[in-house]
Amino acid sequence: FLGGAATTADDSCLVVGSFANPGIVAREGDLVPGMAATVNGPWRYGPFSAGSGTPFLNGRGQLLFPNTVTDSVVQRDMWFGYDPTLGIQIVLDGTDTFTTGAGSGVWTSVTTQSTPNSGDASPPWFNNNGDFAIRVLVPSPVSALIVRGHIGSLIAEPSSVPITGNVPQNFHIDCGVAQAGKLFLVLATGSGTRPGFVSPFGGQQVPLNPIDLTFNTDLWFNLSLNNSNSIVWPGTLGFLDGNGRNINPASFVMPPGFPVFQGVTLHHAVVAFDITFGLQTTFASEASAVKLY
């Protein structure tokens, strides 16, 4: 809560960071990014107060938080995500409609898992890779849904693909404007994400284990490194556009004929390179998972 020259229209905000270096994520009364103005005016954040504006934090410094925004006449309940690289992203709009076999409806409220912290700097329903799962209430006949989502630079969907093959997991890459025009590469591992490894070309922590439990190079890491832009990893090596996003479609496509990998979970991450003066890494994303079933 803010004092001094602040008024009741702008005296609350969300702050994230260390005590020595805090930064304002969103402030009451500020314009909401990504929402087009209405005839009443631009959308602005409403108050951030205990209960209605509680932020949820994971180990990457990402936030999930609700807020009731207003265009000075209409109010709309929203959920936002914050990523240190990408800034504010709209996660759930107050007008979003969910469609199921039982019918369709606009969501009315969200509840989150109330159990204690996972002991890993994030609640159990919001992990350090940016994945989250929330319970969304929708009017009858739908009633309630479990909704899965992701905050970060590598959105991969669907979250599982059949071992029979030829069903892609599509990658939506957004490394941020600071990486615009740079070379990117998507890497994979079947050996988990911790501790990962430090890029020898720039010092970024890449959340993929390149070594398996037998202390050999992970099979999937080696394959993805040597088979980018193949039929298994199409579009996984290229240049980012002016916004730091992939220009061409990118995906992982499990080939048929390998039933031995049923039940395996793979993780992917994207690394950006500056090739102006040699080869230097400038960015590494969070990891995104895919289960082979």
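Guide: Start with two terms. A strand is a DSSP run of type E with at least two residues, numbered from the N terminus. Two strands pair if DSSP finds at least two bridges between them. This is a predicted model, where local features need pLDDT of at least 70, side-chain atom pairs count only at pLDDT 80 or more, and totals for chains, interfaces and linings use all residues. Residues are numbered from 1 along each chain as its sequence is written, and side-chain values use heavy atoms, without hydrogens and water.

Visitor: How do you know that E5 and E6 pair?

Guide: Five antiparallel bridges join E5 to E6. The rule asks for at least two, so they count as a pair. One of the bridges sets Tyr 82 against Ile 88 in E6. A hairpin of three residues links E5 to E6.

Visitor: What makes E4 and E5 a pair?

Guide: Strand E4 (63–70) and strand E5 (75–83) share eight bridges, in the antiparallel sense. At least two are needed, so this is a pair. Asn 67 faces Met 78 in E5. Four residues lie between the two strands of this hairpin. In the turn, Ser 72 has a positive phi of about 85 degrees.

Visitor: Why are E12 and E19 said to stand at the edges?

Guide: The open sheet has three strands in the order E12-E14-E19, with antiparallel pairing. Strand E12 (154–157) and strand E19 (250–253) each have a single partner strand, so one side of each has no neighbour in the sheet. Four bridges join E12 to E14. In E14, His 172 is the bridge partner of Ile 155.

Visitor: Why is Cys 175 called buried?

Guide: Buried means under 20% relative accessible area, exposed over 50%, and partly exposed in between (1.4 Å probe, protein chains only). Cys 175 has 1%, so it is buried. Cys 13 has 14%, so Cys 13 is buried as well. Cys 13 also stands opposite Arg 27 in E2.

Visitor: What makes the lining of the largest pocket eight nonpolar, five polar and three charged residues?

Guide: Ala, Val, Leu, Ile, Met, Phe, Trp, Tyr, Cys and Pro count as nonpolar. Asp, Glu, Lys and Arg count as charged, and the others, Gly among them, as polar. Sorting the lining by class gives those counts. E12 is one of the strands that supply at least two residues of this lining.
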